[in-house]
Amino acid sequence: MRLREMVSPRIFSVAAAFATKGGAAGLQFLQSVVLGRLLGVEALGIYFFAVSVYRIAESAAPCGVTLSTVREIGAARATGSWSTIRTLARRSAFFCLGAGLLFSIGVWLGSDSIARAFEGEHRAGLALQWMALAIAPGCGAVALAAVLRGLGKQSTANILGSMVVPLVATLIFVLWTRDQSYVGAVKAFIFAQFAALAALAIFVTFLTRGKPGAAEDGHSLFRGALPLWIVTIASLGNDSLGVVMLGLFGTPTDVGIFGVAARLALPLSFLGASIQAVYEPKFAGLYKTKNYTDLHKEFRTSLRHSFLLAIGMLLSMALLAEPLLLLFGEEFLGAKPAFLVMLLGTCAMAAFGPSGSLMTMTHKGHYNAWVAIASLPLAAGLLYALVPTYGGLGAAVAISGALIVRTLAQAWAAELHLKEMKLKI
């Protein structure tokens, strides 16, 4: 009997999403190890600074459209409206590409001004000029991955969106651009973004072409996008804000140490997101059809899965902290305290992650937005207070603390929303 016939479709979907997200996290970890070994801590810090600016632009440019793409395509899929799905996919992709291009131009023109905040100004400015070229294709790839998530193709979205970039970037750097130090790492990242965009565009076109289903009204990528955008911007506090603040008050070495701790801990959030991504289109579809009873059951099931995952991640990664950091080199062992602190925040986010997804997929994203609005300045204030004295460890405490507060607040809001829906049953 085939494996897929031996387990329930839900368990199979979660397992497949988890495996592919785990593969993506593994590839990102491998990429960081390779870069750490070949670049050294200072050059790696410059690369991390450039990547953080890219992450800010990639998150800000789409204006929340990528999350609304998941929601609207998930709802259209529930009613079999493939004409609507194709229209939404095109609009999302072209809007995000255009917005990303504007941000690319802005980062290119402002690279020197941004780099002045960072020690080693000339080197950081050069890295940012090159990194600007990755923003537009990166935004387009995120939009197309959101289309696949809305269609319930989370595993494919993970493979083409999350796994292609670190794999291609690592291969190009090792085989071609290695001799160009941090600039070579940035160039490899650019090529990888274009490769992911091409792969996603081909697959989405193949998947949606020619399928029947009349167009339906009531779908908009921009309705409710503002709170989703705010939530996305607030997620930058997970690591990019810490890197930027360390750039302001520290050195490239501080950034390199903290960057390794963050990149060792935060990719684990992708594993938690694998569970959320499986359930997000289901939440959207059940809410669209007003099936609140099954929606409640789906949410409780998603929480059970996410809690088990979070506990497993916390125990295993805490035990493996030193061996994993030694892979980067002995100079990175100082990142262990920051890594353990970041691990606490990451596991809390994974445990309660479905709460935020429920709110987003049921048109209550403004609750998440209010929580995000509060958590981002909280993180910034803690960073400002702790980074000058405690460096990377202070950044980890600030970011992880703000993340835990935000996660618990979202969980509380989700419980209140569920009680409201129970009254409608």
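In the predicted model, helices α4 and α8 cross in a right-handed sense. Helix α4 covers residues 65-78 and helix α8 covers residues 135-150. The axes of these two helices lie 7 Å apart and form an angle of about 30°. Because angles under 35 degrees count as roughly parallel, α4 is described as roughly parallel to α8. On the α4 side, the contact consists of T66, L67, T69, V70, I73, G74 and R77. The α8 side contributes V142, A143, A146, V147, R149 and G150. Sorted by class, the residues of this contact comprise 7 nonpolar, 4 polar and 2 charged.

Helix α4 also packs against helix α5, which spans residues 82-109. The two axes approach to within 10 Å and cross at roughly 175°. Since angles over 145 degrees count as roughly antiparallel, α4 and α5 are assigned to that class. Residues V65, T66, T69, E72, I73, A76 and R77 of α4 meet T84, I85, L88, A89, S92, F95 and C96 of α5. This contact divides into 8 nonpolar, 4 polar and 2 charged residues. Among the α4 residues that meet α5 are T66, T69, I73 and R77; these residues also take part in the contact of α4 with α8.

Elsewhere in the chain, Y182 is located in helix α10, which runs over residues 181-208. The relative accessible area of Y182 is 11%. Buried residues are those under 20%, so Y182 is classed as buried. Leaving aside residues up to four places away in sequence, Y182 touches L39, A43, I46, Y47, R123, L126 and A127.

For the chain as a whole, the secondary structure amounts to 18 helices and 0 strands. Of the 425 residues, 56% are buried. Among contacts with a sequence separation of 6 or more, 85% join residues 24 or more positions apart.

How values were computed:
Residues numbered from 1 in each chain as written. Predicted model: local features only at pLDDT ≥ 70, side-chain atom pairs only at ≥ 80, totals over all residues. Heavy atoms only, no water. Helix = DSSP H or I, 4+ residues; strand = E, 2+ residues; numbered from the N terminus. Buried < 20%, exposed > 50% of the residue type's maximum accessible area, 1.4 Å probe, protein only. Contact = heavy atoms within 4.5 Å. Axes fitted to C-alpha atoms, helices over the stretch in contact; angles between N-to-C directions. Parallel < 35°, antiparallel > 145°, perpendicular 65-115°, else oblique. Nonpolar A, V, L, I, M, F, W, Y, C, P; charged D, E, K, R; others polar. Left-handed = near helix turned anticlockwise from the far one by under 90°.
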